[in-house]
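Please look over the sequence and the model shown here. The paragraphs after them lead through the structure part by part.

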Amino acid sequence: MYIKSPSRLHLGLIDMNGSYGRLDGGIGLTIQDPNLILYGESAEKGITVDFGDNFDLNDDIRNEYVKKITKAATEVIDFYDVDDGFYFRVDRGYPSHSGLGSGTQIALATGKLITEHIGQEANGYELGKITGRGGTSGIGVFAFDYGGFIVDGGHSVKEKSSFLPSSASKASPPQLFGHYDFPDEWGVLLVILNSDVSVNGQKEVNIFQEYCPIDRNEVELYSHLIFMNMIPFLLEKDLPCFGNIINKIQTIGFKKIEVELQSDNIKQLMAKLTEIGAYAVGMSSFGPTVYSFYDKTNEQIVQEIKDYVGDDGIVITTKAQNHGHVITK
């Protein structure tokens, strides 16, 4: 049995102040490429993780996949009291800690293969609770289930009273309250530079604790821009105006902190994209992935940014994905 799971762009956390009774909240976009293709079948005992011939990522990334698949499989097997072992093979994947949400997709895809095998109905939200994903942002969980442009409602301070990244939060995934198709005619441009700044683990926890709470006025402005500008412009398919809001939110709230903590070459890349006519320039999560959107009126930015990046990173052109994971039996 195979599962194909998308990646996601995390556009921003909405409320990292909490004085109105809720924390977190997120906006994000499901994208077709890069993606995860994972094969799974039952085995006599234990958990085995292998890699297909087309998986060309390095040993450090392979070790991350083995660790994450083994952890998620163990949690799901224990939760459902499964007697079988399982064999997994990763046929396609993408780097961890790149801002594209690989950790959540690995955990949910692993869990989904197991529940399908045992005849147990379980969606991404339920598997997220079992595997400890979605404790801050629900974008990855809902990208797995539904795809598209996603808004989640964050967490009540009754459930989560401190500022923590998903990797350190024990909260359940948030509620989905906005899910929209993204225009097929808009291309998605990803640029992943070779960067010496990686934000994960204890370093990520420390950033949340040091910089939060964010000033309430910034949170209010950020929320207004999302709900009264970004989403309406998306529904109206107005790319220049939608892109202008993407640009604005890079300088407000917790997203401003994420950008400021990145390396200089990431900031220079974002400036270059603006210079060559990109309608939107943003950084996904803590980076290093930088994204933009384009259509027929400014598609020249793709070749121009490829020339600019050269051998210092990779450039990917893709589309939004308006559906979730796909299982092939």
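**The largest pocket**

The largest pocket has a volume of about 1,100 Å³. It is lined by 47 residues, and the closest to its centre are Gly103, Arg133, Ser166, Ser167 and Glu204. On a 1 Å grid over the protein atoms alone, a pocket is an open set of points where a 1.4 Å probe fits, with protein on both sides within 12 Å along at least five of seven lines; lining residues have an atom within 4 Å of a point. Grid points are joined across faces, edges and corners, and the volume is the space filled by probe spheres set on the points.

This is a predicted model, in which local features need pLDDT of at least 70 and side-chain atom pairs count only at pLDDT 80 or more, while totals for chains, interfaces and linings use all residues. Residues are numbered from 1 along each chain as its sequence is written, and side-chain values use heavy atoms, with hydrogens and water left out.

Several helices and a strand contribute to the pocket. At least two lining residues come from each of β1, α1 (59–80), α2 (102–118), α3 (124–131), α4 (139–145) and α5. The largest share, 6 residues, belongs to α1. Helices (H or I, at least four residues) and strands (E, at least two) are DSSP runs, numbered from the N terminus.

Next comes helix α7. Its buried residues include Leu239, Phe242, Gly243, Ile245, Ile246 and Ile249. Because these residues cover an arc of only 155° around the axis, they lie on the same side of α7. The arc is that of the directions from the helix axis to the C-beta atoms. Buried means under 20% relative accessible area, exposed over 50%, and partly exposed in between (1.4 Å probe, protein chains only). An α-helix has 3.6 residues a turn, so residues three or four places apart point the same way.

Helix α8 (residues 253–260) is mostly covered, with 6 of its 8 residues buried. These are Gly253, Phe254, Lys255, Ile257, Glu258 and Val259. They pack against β1 (2–15), α5 (201–211), α6 (216–235), α7 (239–249), α9 (264–275) and β9 (282–283), where contact means heavy atoms within 4.5 Å.

Some details of the backbone remain. Most residues other than glycine have a negative phi, and most peptide bonds are trans. Asp24, which is not a glycine, has a positive phi of about 70°. Asp24 is found in strand β2 and is buried, with a relative accessible area of 1%. Lys237 also has a positive phi, near 55°. Lys237 lies in the loop between α6 and α7 and, at 49% relative accessibility, counts as partly exposed.

A cis peptide bond, with omega about 5°, joins Asp33 and Pro34, and Pro34 is in strand β2 (residues 22–43). The bond from Gly287 to Pro288 is cis, with omega near 5°; Pro288 is found in the loop between β9 and β10 (289–294).
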